[in-house]
Amino acid sequence: MDIQLLSILLMLCITDSISLRCPEQIHLSFGDEHETMVVMWSIDIQIRCQVEYGESPDLLKYFARSNVSELPEWSFNALKYIHKAEVKNLKAGTRYYYRVVALDDTEHAVISSSVHSFTTLTNDTGIPHKYLLYGDLGANADFPIYRKLEEEVASNNYTAIWHVGDMAYDLTSDYGQTGDRFMQLIQPFAANISYMTSPGNHEIPGDFMHYRTRFSMPGIEWPMPLTKMWYSYDIGLVHFISYSTEVYFIYNEDYVCTQFYWLLDDLIKANQKRDKRPWIIAMGHRPMYCSNNNADDCTGRFISRWVKRGLERLFHAQGVDLIIEAHEHSYERLWPLYDEKVYATSYDNPQACVHVISGAAGNLEGVDWMRRRPEAWSAFRDDKTSQYSYGRLTIQNHTHLSFEQVSAQDNSLIDKFWLVQNAHGPFLKGVTCEGPKRHESCVCPPLIRYVYLIIGLALSFGIIFGMVVGIFGCFCCWRRSRALKRKGYVTLDLRNNIDYEH
């Protein structure tokens, strides 16, 4: 009977003639608690599923049932049903093996995935934690970064991957088929390590529905609501924050201040624990600064810098150590700065945030070239060799972290720097967010629509004022001309007046 069932399962997984496909697009993320791992996957029909797991690949004696959500009707080229299972009460620092199983009405396995594995977070803060980071990765199997990331994760040296926005280009393209292809491409490594995300501008189509359904992040209900696509998570010595830069660029700007006050509260609480968890690292898709030769929000051209206006003052006041960004298809590292001012040309106990832009993992839009002359705050930039590159972040201890930008094409080191901070904490001292004397950094800046309204009213007033002045001037000239004619004055052309010299 077991051999017969195994034959059926194998046939189901390798033939296209059977409608039920193996669970695919498997990926992990951290749960709300350190003892929880979230497993997600897609399947083509509505069927009950579960995750079977254990500490040995040959003895998966525990199971966790899944919840299911559907992609919207217009995503008819994608696998429609997306499952999420929470594997709870795991032991710290332990390797677990698991597979995804679909069940029939009698609770028997109908079909299953291959066996994958993951390692839970350790409670030991004395060992270095390493992370892979990047943004802007398209669904193209020819991109060398996919093979490189699979190698990196297979080394078992990393705690998580952080993908800072722009996935697949786009998850919704070709009625969801591009999203499926992207999730298939990341499965070889995302099924074995937590794949943590932030939303980017290419997740916006369809009200972020594919992003909010295909991924689950800690502290957020699933599918993720539009009202909260941001979260924080503590790992070892780091308080990680993922925020949404897209609240500044969608039609409903009410989320701008919703996120701002959530960030303010989260940062205040994080600062109260910096003796135990000193590092604060924030991640958001669109940069506050960049020196690329385009008209993106970070370039400062035209009406821009909305992300900077909205969040820089808050992050500076609360002492965020490092900000990881993407969006620009290049690599750039900035000196510690605040409000265009460079605070130091080193990373030894900086008194302002350090920004790193790593948005060149792989896309179909090409490289975003840099301006000829760098700004004073640009410490290092690369728009030539950074295509298909990614970051490696290592938290060494309470005072030291290192960052590397690596090329996936030849494994060459594009950039590396050390950030040393012996006095973690807010960069502005004595800031209070309570009472009538609360600091300006504790107040959500005016929403973009109100800024536009003010600018529009100012322009309208200027135009109207100019028209009134012009009309009044013309009227005065006309009155003067009429008055001169009534008095019999004649205007002389002195150039033709031959008697002028006499």
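I will start with the conventions, then take the cysteine pairs, then the cavity.

This is a predicted model, with pLDDT of at least 70 needed for local features and 80 or more for side-chain atom pairs, while totals for chains, interfaces and linings use all residues. Numbering runs from 1 along each chain as its sequence is written, and side-chain values use heavy atoms, without hydrogens or water.

The protein has seven helices and 25 strands, taken as DSSP runs: H or I of at least four residues for helices, E of at least two for strands, numbered from the N terminus. Of its 502 residues, 53% are buried, meaning under 20% relative accessible area with a 1.4 Å probe, protein chains only.

Counting cysteine sulfur atoms within 2.5 Å as a disulfide, we get three. In the pair Cys 257 and Cys 444, the sulfurs are 2.1 Å apart. That pair links distant parts of the chain, 187 residues apart: Cys 257 sits in helix α5, Cys 444 in the loop between β25 and α7. The link is left-handed, at -85 degrees about the S-S bond. Cys 290 and Cys 298 are joined at 2.1 Å, right-handed at 75 degrees, and both are buried. Cys 433 and Cys 442 are 1.9 Å apart, sulfur to sulfur, left-handed at -55 degrees.

Which helix gives the most to the lining of the largest cavity? Helix α6, residues 306–318, with five residues. The lining includes Phe 260, Arg 309 and Val 443; lining residues have an atom within 4 Å of a cavity point.

Key. Buried means under 20% relative accessible area, exposed over 50%, partly exposed in between (1.4 Å probe, protein chains only). On a 1 Å grid over the protein atoms alone, a cavity is a set of points where a 1.4 Å probe fits but cannot get out, and a pocket is an open set with protein on both sides within 12 Å along at least five of seven lines; lining residues have an atom within 4 Å of a point.
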